[in-house]
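Hi,

Here is the structure I promised to pass on. Have a look at it first, and then read my notes below.

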Amino acid sequence: MNKKQGLSRALQRREDVAGYLFMAPSLIFFIGFVIIPMFICVGMSLTDATLHNAAPTRFVGLKNFITMWTDKTFLGALKNTFLIVVVSVPVTCLFSLWVASATYKMHNVPLSLFRVIFYLPVVTGSVAVTVVWKWIFDNYSGILNTVLKTSGIIQKNINWLGTPGLTIWCIILILLTTSVGQPIVLYISALGNVDQSLVEAAEVDGANNLQVFWRIKWPQIMPTTLYIIVITTINSFQCFALIQLLTQGGSDTNTVMYYIYYTAFKMTEQAGHFGYANAMGVILAIFIGILSAIQFKLGSEK
Amino acid sequence: MKIKTGSSLGYRIFSWVMLILLALFFLFPLYWIVTGAFKPATDIYARKPVMWPSEWVMKNWQSLFVKRTAPLFHIFGIDGPTGPAAFRWLINTVFMAVMAMLLTCATAAMSGYSLAKKRFRGRALVFSLIIAAMALPKQVVLIPLLKEMSILKLMNNIWAVILPTVGWPFGVFLIKQFAESIPGEILEAARIDGASEMKTFTTVVFPMIKPGIGALAIFTFINSWNDYFLQLIMLSSNENYTISLGIATLQAETSVDMGLLMAGAALASIPIIIVFLIFQQYFTKGITMGAVKG
């Protein structure tokens, strides 16, 4: 008995040593470049730290967190960010679910082809995608205006990227093309894994296609839907490159992520207000955390 | 009574037409980049849309290459010959993506295996920490990262972009999913045969998680190549730019020369698209495995 306990203890120690030795390289990077920055982020959000360290950094408590709710620019950015999330998450889900259900029974070649095509904007990279869309939407040399004008749909050029209220929708459209790739891949795989015997049983019982979809397939792909909602929400909240390259936050397209960048690196009069930028980062992280938690809770109740 | 299965013919025609139209819409930006890069100025600024270059010219590429110059490489304090900056940016980008890929795969292979198969104390805590970190927005910690890099004297250094990419724990999670399927008996047998931990890892574990490593490698390579925000914050001088950052800078200063910008966009995207097309089977597998909730 004693001997056996001793052995299992030695074994446990062996597992501990080996386990942590194998973990060590990853943990060093993970702690160094994810965990520590998170603590710095929270810490700095309570100070008036700046980019240049000209004045000594002072602890200001929750001042940054109070200031932001009276900051009109921040509130505008928050409104735009929520608009982007509220539109792009459901549209991305429905769009990719439709594409996946229209393609997943195809043969290997057309299936791969469609999967690759819808993934291309992601691989192309945000800079190349934005540069070309900026040209497509361009007021004078953009193909959208020239096509609409030669076909007589519009008389005068539309300034797609310089009209408050319109520009944000152009950005949402571009964002959609760059965010459906991964959901489509996931849905294709999930639909392929749906238990075929249940589908057949339902069809024998006289269920039509729509009933089979909602009663049999939808519940089975629910975990995938949930995961897609979470990753799309996170990505939409972080919408940055499109804004920075297309409008620099002009035409009422400012987002929280862009405003964080602007505050930290661009704000001219207070150049580089790191404390305030980090406070907004903390708030953004809290929003995303709450939304992800709600989505998971709803999903596990179903 | 047999119920008719499958969709009606009308719906199937509708969905094929829709799919093809959508596919064309998704392909159009890429088509526009590639043709735009070879169009003469008269086509680019024409009043009526020119879908196909009236003649294929190299002028856009020439102006891209003379626009900015830089030493082609910089090793051990010695500068290479001066050439088009775009080439230097490509070299930087490939170096960054390859390094991020190798380091991520090496560290994630070991820790993913450890999390899946080693019963060490504190394992549950480490794993939940990793899952929680994955749900947090990566971009939020960029400013603290900048502070950290300036303390480490890595500002405006390509390693400031590589190291945070390696730290991101998605790879650990992905490899853990693959390593779960290694049968415990095989590991036990290797141990009884007297194989050391390292030997077990290299000869038994590694071959079994190879598909996972392949998926992670291509995933990291593409994500690192396109991680524009991180590059924008960390890199500040012409000769240290990545191709994405270089093209973004050119866009900011010459936003009217569309031909030049399309040549730049082609240079930034075509190499990574080719890599993606070659390895897309692995890539698809990585996306699906990384999503399974474990």
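**Domains of chain A**

In this predicted model, the centres of domain 1 of chain A and domain 2 of chain A, taken over C-alpha atoms, are separated by 36 Å. Domain 1 covers 1–44 and domain 2 covers 46–301, with bounds that come from an automatic or database domain assignment. Between them, 4 residues of domain 1 are in contact with 7 residues of domain 2 (contact means heavy atoms within 4.5 Å). The area buried there is about 490 Å², and carbon and sulfur atoms give 61% of it; buried area is the accessible area (1.4 Å probe) that two parts lose on being put together, summed over both. On the domain 1 side, Cys41(A), Val42(A) and Met44(A) supply 88% of the area buried against domain 2, more than any other three residues.

A word on conventions: residues are numbered from 1 along each chain as its sequence is written, and chains are lettered from A and ligands numbered from 1 in the order in which they are written. Local features need pLDDT of at least 70, side-chain atom pairs count only at pLDDT 80 or more, and totals for chains, interfaces and linings use all residues, while side-chain values use heavy atoms, with hydrogens and water left out.

**Chain A against chain B**

Here 93 residues of chain A are in contact with 99 residues of chain B. The two chains bury about 8500 Å² between them, 76% of it on carbon and sulfur atoms. In chain A, the residues that lose the most area to chain B are Phe22(A), Phe33(A) and Trp135(A), together 10% of what that side buries.

Helices are DSSP runs (H or I, at least four residues), numbered from the N terminus. Axes are lines fitted to C-alpha atoms over the stretch in contact, and angles run from 0 to 180 degrees between N-to-C directions.

H9(B) (residues 184–192) and H10(B) (residues 197–208) pack at about 165°, with axes 10 Å apart. They are therefore roughly antiparallel to each other (angles over 145 degrees). Ile186(B), Leu187(B) and Ala190(B) in H9(B) meet Thr200(B), Val204(B), Val205(B) and Met208(B) in H10(B).

H4(B) (residues 85–117) and H11(B) (residues 210–225) pack at about 145°, with axes 8 Å apart. Among the residues making this contact are Leu90(B) and Met101(B) of H4(B), and Phe221(B) and Trp225(B) of H11(B).

Enjoy exploring!

Key: Helix = DSSP H or I, 4+ residues; strand = E, 2+ residues; numbered from the N terminus. Parallel < 35°, antiparallel > 145°, perpendicular 65-115°, else oblique.
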